Amino acid sequence: MILPPPPQIPQNTAQPKFDSSFLRTFVIIILQLKKSKMTKSKQLYFIIILFFIGFMACNLSRSANVTSDVQSIYDENCAGCHGTQLQYFKRLKSYEKSVATLSKMIEVGEENLGMPAYGQTFSESEIRQLSEYITDFDYDKNHQTTTSTNPNYIYEIVVDGLEIPWSFEFFPNGDMLIAERKGVLSYFSKTDGMTTISGLPAIRVEGQGGLLDLKLHPNYATNGWIYISYAYPDANDSGKGNTAIIRAKLNESKALYAVEEIYKGSPATEKSHHYGNRMVFDGQNRLYFSNGERGNRDDFPQALDNTNGKIHRLNDDGSVPQDNPFVNDANAVGSIYSYGHRNPQGLAFHPVTGELWEHEHGPKGGDEINIIGAGNNYGWPIISYGVNYSGTKFTDMTEKEGMEQPIHYYKPSIAPCGMAFLDSDIYPDWKNNLFIGSLRFEYLERIVLKDNQVVYQEKLLEELKSRVRDVRVGNDGYLYVAVENPGRIIKISPK
Ligand code: HEC
């Protein structure tokens with residue numbers, strides 16, 4: 001494949017500037033000195049000091065430039081995946097590795113893990129500076145939490161000590177089910193604390209994969225079904241995987257039983273990113289859920305013969321509803337409800353209009369909020385408002401006949417995860433607002449909508465400096481979020 005020319009990145013302004021105006025001033029001062037009545041040795045002494053001051057000034061401004069340049073390169077290109085506080089590097093203990101090792105990774109990337117190659121985008125010196133920025137970063141100083149300064153709400157930590165809580169659900173009695181990406185499912189009760197639930201299937205914990213979403217059946221109180229999504233490893237040990245959903249019941253000793261497979265994404269691939277997945281039930285107990293395009297944007301999202309890059313709809317027992325849009329197409333996967341998606345990690349029904357809302361991680365500068373309609377094509381990767389992570393373009397089109405426009409897109413990308421409409425009256429003025437977590441900028445976004453347009457956006461929980469992974473409305477009508485590093489479940493209450 002022929003790559004388009006690399007983008008224009010701002011030239012590194014970090015070179016010492018011995019430019020003409022600097023030299024002219026220097027020469028003028030020396031000529032003035034010659035005319036003065038100073039002794040030769042005093043003149044020499046003066047010139048040396050002058051030169052030294054000039055040299056220091058150049059170097060000071062140079063190091064200031066380096067810091068701000070590398071930081072802005074980092075914030076713009078890397079923070080979306082590695083965190084504004086470089087949290088992900090802390091988890092990988094990158095600061096213990098050599099600058100050469102990190103530079104190599106930045107240069108050539110690691111496609112199967114989802115790390116783009118930046119060798120074409122940045123110069124050798126910029127890549128080295130990025131590596132030094134990662135190894136020198138003061139992780140502890142830059143990660144302190146404070147209490148809320150927002151006058152409208154307070155927050156409290158309900159569950160602490162988690163790693164990466166990917167999702168959580170409330171049981172009718174107020175106890176909680178918590179999924180951590182590392183493959184641990186827990187039962188949390190205020191009186192007994194956390195209990196690990198046994199009986200999960202094999203999970204592919206790698207990259208963005210692991211234990212993912214949780215949903216209780218709308219009639220959980222009578223039927224006991226819990227829906228669990230995760231990244232599954234291909235059975236024949238091929239090193240491949242994709243997204244799967246099971247449903248199961250929970251017994252007294254906190255073990256899953258009656259496990260049934262509801263869905264298995266295919267084909268499985270080696271990639272360890274873009275699994276999706278979020279699940280939501282409609283009023284007829286049908287399950288809608290997302291499967292990301294598994295990092296194969298050119299093969300999957302526009303073809304209907306595979307499950308990847310799609311929103312799906314199934315009956316609660318895993319059977320295909322006979323009014324699904326593509327059931328009569330012999331070459332299409334019957335569960336497909338809409339297609340042309342990248343990596344959707346937010347699904348929720350609007351409490352007033354009843355429409356299904358979705359958001360998805362776009363490429364750089366192309367995260368989208370969409371309203372999902374049966375059989376629609378959302379255009380990935382034919383149309384997009386974003387560009388490749390490396391800055392290169394993959395399409396010139398932002399719209400096309402037969403493809404849906406997002407109701408909103410984010411530039412820069414916020415890396416959205418989790419989505420909920422607030423349908424309770426507990427918070428003054430927040431009713432029917434949309435809430436979306438930002439992994440990249442580490443806040444919960446409150447969105448006010450009018451006629452399906454975004455009219456106001458506010459950042460909540462910024463002071464936590466934590467990636468917001470999931471947001472839900474509890475049975476008590478309060479907003480809860482799951483955050484990472486440190487992993488917690490947080491309750492938001494009006495002041
Ligand atoms: C699309 C997401 C994404 C973006 C954007 C991204 N990375 Fe990565 N990066 C990854 C993933 C995934 C890994 C592998 C992490 C793992 O092994 O779990 C990784 C690994 C790395 C590593 C190796 C860390 C180690 O300890 O081995 C370095 C260094 C790195 N990235 C630097 C960067 C820099 C610098 C940028 C910006 C110029 C960047 N990354 C942008 C996803 C990303």
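How many residues surround the ligand, and which are the closest? Let's start there. Keep in mind that this is a predicted model. The count is 21 residues around the ligand. The closest are Cys78, Cys81, Leu92, Ser94 and Met115.

What is the shell made of: how many nonpolar, polar and charged residues? It has 13 nonpolar residues, six polar and two charged.

Next, the helices at the ligand. Three of them, α3 (79-82), α5 (99-108) and α6 (124-136), each give at least two residues to the shell.

Now take two of those, α5 and α6. Their axes come within 9 Å of each other. They cross at roughly 125°. The crossing of α5 past α6 is right-handed.

Which residues meet there? On the α5 side, we have Val99, Leu102, Ser103, Ile106 and Glu107. On the α6 side, they meet Ile127, Arg128, Leu130, Ser131, Glu132, Ile134 and Thr135. By type, this contact holds six nonpolar residues, three polar and three charged.

Last, the whole chain. The protein chain runs to 495 residues, and 39% of them count as buried. It contains seven helices and 24 strands. Then the contacts. Take those in the protein chain with a separation of 6 or more: 58% of them link residues 24 or more positions apart.

Back to the ligand to finish. Cys78 and Cys81 are among the closest residues, and α3, α5 and α6 each bring at least two residues to the shell.

Note on methods:
Residues are numbered from 1 along each chain as its sequence is written. This is a predicted model: local features need pLDDT of at least 70, side-chain atom pairs count only at pLDDT 80 or more; totals for chains, interfaces and linings use all residues. A residue is near a molecule or strand if its C-beta atom, placed from the backbone, lies within 6 Å of it. Helices (H or I, at least four residues) and strands (E, at least two) are DSSP runs, numbered from the N terminus. Ala, Val, Leu, Ile, Met, Phe, Trp, Tyr, Cys and Pro count as nonpolar, Asp, Glu, Lys and Arg as charged, and the others, Gly among them, as polar. Axes are lines fitted to C-alpha atoms, for helices over the stretch in contact, and angles run from 0 to 180 degrees between N-to-C directions. A crossing is left-handed if the near helix is turned anticlockwise from the far one by less than a right angle, and right-handed if clockwise. Two residues are in contact if their C-beta atoms, placed from the backbone, lie within 7 Å. A residue is buried if 20 or more other C-beta atoms lie within 10 Å of its own, exposed if 12 or fewer, and partly exposed in between; C-beta atoms are placed from the backbone.
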